[in-house]
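Have a look at the model, try each task, and then follow the solution step by step.

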Amino acid sequence: MSSTMISEITTVIPAPRLFKAAIIDWHNLAPKIATDKVVSAETIEGDGGIGSVRQLNFGPAMPFSFEQRRLEFEDVKNCEIKSSVVAGGGLGVFFNSATYHIKIEPSGTGSLARMVLTFTPVPGANSAEHEELIKGAFFGVMKGCEAFLLANPDAYN
């Protein structure tokens, strides 16, 4: 039986700019602005497009050493992406499968970032702990990018 978790965050950054930094280029930006959480990131399969697998290597602040996600859908114009966890992270610990759907929409002069996580929990696992970890990570990514973009007004335009 699958479960769904929704997390929303507002930022002062316009949607296209936030999407470029927080989603499209996160593998390059994360190791610069979240050094205790993301040590490195790379595309390990494919050309970066649909079907490609990206691996994030985590630092000591994270409970897992890495996570691999396959890009299932990407719509840059509408600031939307879907990816599935294929290895590492909470796979096999908190969930048997997980899909992230992230959409960043205009909201006033800024944006609303919305993440929908659909997952099949591992029987007996503490799903609430996993959900809080994911919500915290999503909040950290968006607010970290927001701070970076405010400090670097020419980046990701």
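A crossing is left-handed if the near helix is turned anticlockwise from the far one by less than a right angle, and right-handed if clockwise. Keep in mind that this model is predicted.

**Exercise 1.** Describe how helix H1 (residues 15-24) crosses helix H3 (residues 127-151).

Solution. Start with the axes: those of H1 and H3 come within 10 Å and cross at roughly 120°. That angle makes H1 oblique to H3. Next comes the hand, and H1 passes H3 in a right-handed crossing. Finally, look at the residues: Arg17, Leu18, Ala21, Ala22 and Ile23 of H1 meet Val141, Met142, Cys145, Glu146 and Leu149 of H3. Sorted by class, this contact has 8 nonpolar, no polar and 2 charged residues.

**Exercise 2.** Work out how H1 is oriented to helix H2 (residues 26-33).

Solution. The axes of H1 and H2 come within 6 Å, crossing at roughly 80°. Angles of 65 to 115 degrees count as roughly perpendicular, so H1 is roughly perpendicular to H2. On the H1 side, the contact is made by Ala21, Ala22, Ile23 and Ile24, and on the H2 side by Trp26, His27 and Leu29.

**Exercise 3.** Classify the ring pair of Phe64 and Phe94, and decide whether each residue is buried or exposed.

Solution. The ring centres of Phe64 and Phe94 are 6.2 Å apart and the planes lie at 85°, so the pair is edge-to-face. Buried means under 20% relative accessible area. Phe64 has 19% relative accessibility, so Phe64 counts as buried. Phe94, at 9%, is buried too.

How values were computed: Residues are numbered from 1 along each chain as its sequence is written. This is a predicted model: local features need pLDDT of at least 70, side-chain atom pairs count only at pLDDT 80 or more; totals for chains, interfaces and linings use all residues. Side-chain values use heavy atoms; hydrogens and water are left out. Axes are lines fitted to C-alpha atoms, for helices over the stretch in contact, and angles run from 0 to 180 degrees between N-to-C directions. Helices (H or I, at least four residues) and strands (E, at least two) are DSSP runs, numbered from the N terminus. Angles under 35 degrees count as roughly parallel, over 145 as roughly antiparallel, 65 to 115 as roughly perpendicular and the rest as oblique. Contact means heavy atoms within 4.5 Å. Ala, Val, Leu, Ile, Met, Phe, Trp, Tyr, Cys and Pro count as nonpolar, Asp, Glu, Lys and Arg as charged, and the others, Gly among them, as polar. Rings of Phe, Tyr and Trp (its six-membered ring) pair if their centres lie within 6.5 Å; planes under 30 degrees apart count as stacked, over 60 as edge-to-face and the rest as tilted. Buried means under 20% relative accessible area, exposed over 50%, partly exposed in between (1.4 Å probe, protein chains only).
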